Amino acid sequence: MFTLDTARFDNTYARLPEMFYRRVKPTPLPAPYLVSFNEKAAELIGLDAEKADKPEFVEYFTGNKLLPGSEPISAIYAGHQFGTFVPQLGDGRAILLGEAVNEKGERFDIQLKGAGLTPFSRMGDGRAVLRSTIREYLCSEAMHALGIPTTRALCITGSNEPVYRETVETAAVLTRLAPTHVRFGSFELFYYRGQYEQVRELADYVIREFYSQFNGAEDKYLQFLREVIKRTAKLIAQWQSVGFAHGVMNTDNMSIIGLTIDYGPFGFLDEFDADFICNHSDYGGRYAFDQQPNVALWNLYKFAQTLIPLIKPEGAEAVLGEYQAIFTERLVELMRAKLGLEKQELEDPELIVALLEILQLSNVDYTVFFRRLGDFKTDANEKNDLLQGMFIDPKSFDQWAKIYRARLAKENISDAERREKMMRVNPKFVLRNHIAQSAIEKAQKGDYTEVNTLLEILQKPFDEKPEMERFAAPPTVGSKRVAVSCSS
Ligand code: AMP
Ligand code: MG
C-alpha cells in the first residue's frame with residue numbers, strides 16, 4: 001500500500017547523471033483545495049482513496065509539502081517545435097517527485113504539472129490553469145478508457161492564486177502518472193550537442209527499464225528504434241480511429257514508450273473533417289487531423305537520427321520504412337471493427353475511405369454516426385432512416401449503404417450480434433470541446449460536480465446512460481469550435 005507517509009519510491013531517473021535533469025523544489029500555492037480525485041489512477045500506485053480526504057493530501061499533491069522519499073527533479077530535453085529545432089526545452093512547469101512502486105513492483109512517475117518555476121521555465125510562469133488541468137485530466141482518462149495508451153491523472157488541486165493567460169485565471173496542479181515521461185526530445189538534446197555518450201546512456205536506461213526484451217541483444221538499439229516506431233504507428237492509428245487530434249505534435253511531446261502525452265490544445269472531431277485543426281495557433285495546419293500520421297513519421301525520423309551514433313543508417317532507414325504499413329494495417333483493423341466487420345476483404349479500405357468522404361461532405365458527426373451504425377439494418381426492405389437523416393446528401397448515404405450491405409453479407413453474424421460488438425468499440429462518449437468547456441466554466445465558479453460526473457462517464461465510454469445523453473451530444477451551432485490555444 002502506498003501511504004502518504006511511507007510511500008515507496010525507486011527513483012531510477014534521479015540516479016542518472018545530473019546532466020539529465022535539475023534538482024528543483026515545487027513552489028507552494030496559497031490555500032490549496034482538492035478539485036477532483038481519480039480513484040482508478042490511485043489504484044495504479046496502490047494509494048488508498050480515503051487518503052484523498054486528508055488535509056495533507058492536498059498539501060502533498062500541490063507541492064506544498066514533499067512526500068517522504070521523493071527527489072524532485074525537472075527533466076531536460078530539446079525538441080522540434082512546429083518543424084524548428086529548439087536546442088533546449090525541459091520541464092518548464094512539471095516536477096517529477098519520484099517513481100512510486102506498487103505492490104506488483106510496477107513503477108509510476110508521480111509528476112506535478114503546474115508546480116512552479118524550474119530552470120527550464122524560460123518565459124513561462126511555471127503554472128497551469130484550472131481550465132487546462134481539467135482538460136488534460138478528463139481527456140487522459142477518456143483515452144485510457146478507450147484503450148489508447150496515455151499518461152494518467154491522479155488528481156487536480158486548485159488555488160485562488162491568479163495566473164495570467166489571455167484572461168486572468170486561477171492556478172491548479174495536475175498530478176500525472178506514467179511509467180516514464182521520457183520523450184523523443186530527451187534524445188535530441190544530447191544528440192544535437194554532440195554528446196553521443198549521453199545518447200547511449202539514455203538509450204541504455206530506456207531499454208533497461210521499458211524495452212527489457214532487447215537487453216543483451218546485439219542490435220538492441222535498432223530493435224529499440226523499431227519498437228518505438230511500431231508503438232507510435234499503432235498509437236496514431238488509434239487516435240485516428242476515435243477522431244482524436246493532438247494539437248502540438250512536436251518531438252518533445254512524443255513519448256518514448258508510445259503514450260499520448262502533453263494534452264494541450266487537443267480535440268476530438270465533432271463532425272468529420274479531415275482538415276480539422278484543433279490548435280488555433282497552428283496557422284499552417286501542420287498538425288491538422290489528416291497530417292498526424294505523416295507528422296508522427298517525421299518525428300520518428302528526428303528520433304532515429306539521434307540513434308545514428310549507435311546504429312547503421314541503413315538499419316534505421318529500413319525500420320522507418322515499416323511505419324506506413326504498420327500504421328495502415330492497424331488503422332484498417334480498427335476501422336473494420338468500427339464497421340462491425342470481422343473478415344478481412346480487399347475492398348475494405350475502399351469502403352472506409354468512401355465512408356469518410358461522405359461523412360465529410362455531409363458534415364456528419366463522427367462519434368454519433370458510428371454509434372448509430374450499430375443499428376444498421378441489413379435487410380434491404382428495411383429503412384435506415386436515422387442514419388440517412390444525418391446526411392445533407394442522403395443519396396450519398398444510400399449508395400454507401402448498398403456497398404456496406406453487400407459487404408456485411410460476407411460476414412456470418414446476425415444484426416443483433418454485430419450491434420453488440422459495435423457498441424463495444426464505438427464510444428457513446430468522447431471528450432468534446434464544448435462538453436469540457438461547460439464543466440470548466442462551472443469549476444471556475446467553484447462547482448466541480450460536472451468534472452466528476454464527466455470523469456465517471458468517460459471512464460465507461462461505451463455504456464448507454466440515458467440520463468447523461470446531453471454529454472454525448474454534438475455541439476449546437478452556437479457552441480461549435482470552442483477555440484483552444486496553447487496558453488495552458
Ligand atoms: P507544450 O508544447 O505545451 O508541451 O510545452 C512546450 C514547453 O513549454 C515545455 O518545455 C513546457 O514545459 C513549457 N511550458 C509550457 N507552459 C509553461 C509555463 N506556464 N511555464 C513554464 N514553462 C511552460
Ligand atoms: Mg510538452
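Guide: Domain bounds come from an automatic or database domain assignment. Here that assignment divides the protein chain into domain 1 (13–184), domain 2 (194–333) and domain 3 (334–363 + 375–423). Please keep in mind that this is a predicted model, in which local features need pLDDT of at least 70 and side-chain atom pairs count only at pLDDT 80 or more, while totals for chains, interfaces and linings use all residues. Residues are numbered from 1 along each chain as its sequence is written, chains are lettered from A and ligands numbered from 1 in the order in which they are written, and side-chain values use heavy atoms, with hydrogens and water left out.

Visitor: How many residues of domain 2 and of domain 3 take part in their contact?

Guide: Contact means heavy atoms within 4.5 Å. The C-alpha centres of domain 2 and domain 3 are 31 Å apart, and the contact takes 12 residues from domain 2 and 11 residues from domain 3.

Visitor: Which side chain has an N or O atom 3.1 Å from an oxygen atom of ligand 1?

Guide: A polar contact with a ligand is a pair of N or O atoms within 3.5 Å. The side chain of D262 has such an atom 3.1 Å from an oxygen atom of ligand 1, and for the side chain of R122 the distance to a ligand oxygen is 3.2 Å.

Visitor: What are the protein donors of the magnesium ion?

Guide: Donors are N, O and S atoms within 2.8 Å of the metal (3.2 Å for Na, K and Ca), and sites may look incomplete, as water is not among the atoms. For the magnesium ion, ligand 2, they are N253 (OD1) and D262 (OD), at 2.0 to 2.1 Å.

Methods
Polar contact = N/O pair within 3.5 Å; in protein donor to acceptor, adjacent residues only side chain to side chain.
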